[in-house]
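Here's a quick tour of a few local features. Have the sequence and model open as you read.

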Amino acid sequence: MLVWTETSRQNDLLQLFQPFGVITKLVMLRAKNQALIQMQDTPAAVSALQFYGNVQPAIRGRNVYVQFSSHQELTTMYQNAQGRGDEPNRILLVTIHHMLYPITVEVLHQVFFPHGFVEKIVTFQKSAGFQALIQYQSRQSAVAARTALQGRNIYDGCCQLDIQFSNLDELQVNYNNERSRDFTNPNLPSEQKGRSPQPGYGDAGGVYGLQGTGARAVGFPQMANAAAIAAAFGGGLPPGISGTNDRCTVLVSNLNPDKIDEDKLFNLFSIYGNIVRIKLLRNKPDHALVQMGDGFQSELAVHFLKGAILFGKRLEVNFSKHPNITQGADTHEYMNSNLNRFNRNAAKNYRYCCSPTKMIHLSSLPQEVTEEEIVNHLEEIGTIVNTKLFEMNGKKQALVLFETEEQATEALVCKHATSLGGSIIRISFSQLQGI
């Protein structure tokens, strides 16, 4: 557990700490100008503390300070001090687990309307999965809906509802379309040309576009972690990265259809963010759609992979006109894959993002592995110039230098998440110039 010793708002804190792992509880201690943050596990808290020990975090120009708390777990007393969290609210945060069928605003309205008048619905696809905010006219209706629907499935055996009370006072809906709806204002436009269908909604219960009591509406870009990710890149984003892109889906073309498949694309694109789903276009065998966890991650993929050579083809990587990939028989789902790299230690993984290089880094190796075994595992891909086996924090890791960037890219694409000596190895590009 961490203690935050500076006045700040919940969304500012979440932006800084979400890259390191799941935040289970957040309590604001306004009388002390502090906050308590409880992470899902100790390694996530340690990663955050270590990172901000080297990089000075700031909120709105003011330095803030992070340290471990003496409390092992937040109790009911502290949760009540926050004034929300488990306290009933008329806005519900709904996460859909095991989503095998598409969930639309209309479907959600049919599910939640029997429990009271639904004023607004906003849906969005984030790294946590498909989520929605449901605003009722009254708090009593929201309580009734949560009591009746928590843990239930929308369809038999799938689309399970995980419902929490949101921290928000009012949803801001700008457009009536398939992703958002204001049932009190049917005259809203369907979409503003050149803009996201519903900008301003980010991760977790307190980082959404909102309208607080007595305050003007506040909108955040889809990449709600911009401040923390900027810190992960050493205080500023890489050249050419804006951090404001909200298009999650990427179109990849000029693929080699004889050698590529969805899992190989996953291995390559998962370096830059979590993968939701991938679709190879059957009418265009050298094209594929890749849906990333958020717009920032897709921007990284476009920036670093455009022009990369894979299986003898120079890739074209661009943002797709499609906001997401519709689930179907010809799509591969990766949203719940434990191979997604950014579910934990996101800040560390962002720092590893780069264009393909000649050198790859191997981790999660068996403790008794030898350089010879590593070479035997990879040499079918291409010419290995040099290798180095070393130990860090008690775990075996390795660097492998190939003759060309294309060979290193193919090694990553073909050998990431394969078994070596009984261990599932992880591969990423190394930014080191030599061994």
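Buried means under 20% relative accessible area, exposed over 50%, and partly exposed in between, using a 1.4 Å probe and protein chains only. Tyr 155 has a relative accessible area of 32%, so it counts as partly exposed. Arg 90 comes in at 19%, so this one is buried.

Some housekeeping: this is a predicted model, where local features need pLDDT of at least 70, side-chain atom pairs count only at pLDDT 80 or more, and totals for chains, interfaces and linings use all residues. Residues are numbered from 1 along each chain as its sequence is written, and side-chain values use heavy atoms, with hydrogens and water left out.

Arg 90 sits in the loop between helix 3 (76–82) and strand 7; helices (H or I, at least four residues) and strands (E, at least two) are DSSP runs numbered from the N terminus. Its side chain makes polar contacts (N or O atoms within 3.5 Å; within protein, one must be able to donate a hydrogen and the other to accept it, and residues adjacent in sequence count only if both atoms are side-chain atoms):

| Side-chain pair | Polar contact |
|---|---|
| Arg 90 and Glu 119 | 2.9 Å |
| Arg 90 and Glu 170 | 2.6 Å |

Strand 7 (residues 91–97) pairs with strand 9 in the antiparallel sense over six bridges, where pairing takes at least two DSSP bridges. Ile 96 has Phe 130 as its bridge partner in strand 9. How many of the eight residues of strand 9 (129–136) are buried? Eight of eight.

Helix 7 (residues 262–269) has six of its eight residues buried, including Phe 266 and Leu 268.
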